[in-house]
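The following exercises concern the reading of a single protein model. Please examine the sequence and the coordinates before working through the solutions.

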Amino acid sequence: VGFLSAKGGCGATTVACHVARLLEQETHQPTLLGDFDLCSGMIRFLMQASSRYSVLDAFANVQRLDHSYWHALVSNGKGHLDVIAGPETPPLKEVPGLQQIRHVVRFMRTEYEWTVLDLGRGLSPCSYAAIEEVDDLFILTTPDIPALHQVKALTDQLFSHGLSQSTLHLVLNRMNRRLEVTAAELEKLLGLPFYSILS
């Protein structure tokens, strides 16, 4: 599953961390939390990942990807939860290729029962390549106008590129009861139902 923020501050990283932890605790199955936000990945900090390696090392070494090499890259969060961190600094010169990204996501799926990806905010070549490989994509938005505008643009773009409507789920975060607009009115505006509403 992938979590994508409509814009910065919508909560995709926080929700991805909680979902990954909960999946591991509830299923007791091997679970991976992956940080595919190459610009401002926060999972290393939030999960206190100890490995000095990042997902960029996996992208750069797809020819070496096997069980042993992979487990040298990840940090063990707790129990059956592994964490592959994003880079500490953005890759300004050498951006990973789309095929490399797809290959790494496919490999992750062979190693874990559950894979949870933080895809950052908005669409980038990295997030789009990963989205093509996920079973479910959760787009997080807040009820403010800029975020809702971005959600509409994101969903239109993804649907125009062939993403199935059954794959995409909207999550409304920070819904304040004092708002003049209701969740139902926001659903009508966006043309899609909310999978979940978080307060």
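The model is predicted: local features need pLDDT of at least 70, side-chain atom pairs count only at pLDDT 80 or more, and totals for chains, interfaces and linings use all residues. Residues are numbered from 1 along each chain as its sequence is written, and side-chain values use heavy atoms, with hydrogens and water left out.

**Exercise 1. Describe helix H1, its span and its buried residues.**

Step 1. Helices (H or I, at least four residues) and strands (E, at least two) are DSSP runs, numbered from the N terminus. H1 contains 16 residues and covers 22 Å from its first C-alpha to its last. This is close to the expected 22 Å, where the expected span is 1.5 Å times one less than the number of residues.

Step 2. Buried means under 20% relative accessible area, exposed over 50%, and partly exposed in between (1.4 Å probe, protein chains only). In H1, the buried residues are Ala12, Thr13, Val15, Ala16, Cys17, Ala20, Leu23 and Glu24.

Step 3. Just after H1, His28 adopts a positive phi of about 55 degrees, although His28 is not a glycine. His28 is exposed, at 55% relative accessible area.

**Exercise 2. Identify which residues have the most contacts inside the largest nonpolar core.**

Step 1. A nonpolar core is a set of buried Ala, Val, Leu, Ile, Met, Phe, Trp, Tyr and Cys residues joined through side-chain atoms within 4.5 Å.

Step 2. The largest such core has 61 residues, and those with the most contacts inside it are Leu33, Phe36, Trp70, Leu137 and Ile139. H1 gives the most to this core, with 6 residues.

Step 3. Contact means heavy atoms within 4.5 Å. With neighbours within four places in sequence left aside, the contacts of Phe36 include Val55, Phe59, Ile101 and Asp118.

**Exercise 3. Determine whether Asp118 is buried or exposed, and what it touches.**

Step 1. Asp118 belongs to strand S5 (residues 114-121). Its relative accessible area is 0%, so Asp118 is buried.

Step 2. Residues up to four places away in sequence are not counted; among those that Asp118 then touches are Phe3, Ala12, Gly34, Asp35, Asp37 and Ile43.

**Exercise 4. State where Thr167 is found and which residues it touches.**

Step 1. Thr167 sits in the loop between helix H7 (145-160) and strand S7 (168-172). Thr167 is buried, with a relative accessible area of 13%.

Step 2. Not counting residues up to four places away in sequence, Thr167 touches Val134, Asp135, Asp136 and Leu137. Of these, Asp135 also forms a salt bridge with Arg109 (3.1 Å, N to O).

Key: A salt bridge is a side-chain nitrogen of Lys or Arg within 4 Å of a carboxyl oxygen of Asp or Glu.
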